Amino acid sequence: MPKNLDQDTIILCRSCDLAVQRRALPSNVRALCPRCHTALYDVPYCSVNGMLALCIAAILFYIPANFLPVLEIHFMGSIRATTVYETAVAVWNHDYWIVAIAVIASAVIAPGLLILSILFQIIIVKLRLHSTFWQQTYRRLLKNHELLSQLSMLEIYVISFLVAAFNLSDFAEIYLGMGTLCFGILFLVILFLQREYNLEHMWRMVHDK
């Protein structure tokens, strides 16, 4: 292997351990191992600007998704509307505090932190903040990204809204509120954001600074 070759551009094939030099690829192209043809890497799906647009969209839907009514129940002349936050508080008041913490953590806190984490990463990259403080912050955000991704489980709550509406429809009139629409859109935006986000690519930007 040439001595003047930057080790950051060398990757090992996970199948045959062949050392391969990483090269720039055009869009929608995947690099294959020349020995065993195992997929090595590809171009990130989305640009930094594209992820920034998705982050902004997620922030716009985050607040109404959590604080607008998700379900409105009409039962015997009584009308009751509830939000995700109020649901967690009600569960807490009934002494199911573990469930309440799970709801708040995975439906409110983790998605918000995930959006802000990616947003700060993009800002640091776009503004080329090279100071020690910003580089340490950037690395800390990257290290915690997988944890936030695993804690954020919006899809479970989207399904739970639909299941609750279906099960209660025999006893009362159920209406899905604006919060449900915003929550569903927020789920889709974060889904696309996580799909476009490439952790390996973001780590490489540390070396490109």
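The notes below cover a helix pair, a salt bridge and one histidine.

This is a predicted model, in which local features need pLDDT of at least 70 and side-chain atom pairs count only at pLDDT 80 or more, while totals for chains, interfaces and linings use all residues. Residues are numbered from 1 along each chain as its sequence is written, and side-chain values use heavy atoms, with hydrogens and water left out.

**Helix pair**
- The axes of helix α3 (residues 97-126) and helix α7 (residues 178-196) come within 12 Å and cross at roughly 45°, the axes being lines fitted to C-alpha atoms over the stretch in contact, with angles running from 0 to 180 degrees between N-to-C directions.
- Helices here are DSSP runs (H or I, at least four residues) numbered from the N terminus.
- In α3, A107, P111, L114, I115 and I118 meet F183, L186, I190, L193 and Q194 of α7, where contact means heavy atoms within 4.5 Å.

**Salt bridge**
- A search of the whole structure finds one salt bridge, defined as a side-chain nitrogen of Lys or Arg within 4 Å of a carboxyl oxygen of Asp or Glu.
- This bridge joins the side chains of E196 and R195 at 3.1 Å, N to O.
- E196 is buried at a relative accessible area of 11%, whereas R195 is partly exposed at 46% (buried is under 20%, exposed over 50%, partly exposed in between, with a 1.4 Å probe and protein chains only).

**H145**
- H145 lies in helix α5 (residues 145-151) and is buried, with 5% relative accessibility.
- Leaving aside neighbours within four places in sequence, H145 is in contact with L114, I118, Q121, Y197 and L199.
- H145 and I118 are 27 residues apart in sequence and 8.2 Å apart in space, C-alpha to C-alpha.

Notes: Helix = DSSP H or I, 4+ residues; strand = E, 2+ residues; numbered from the N terminus.
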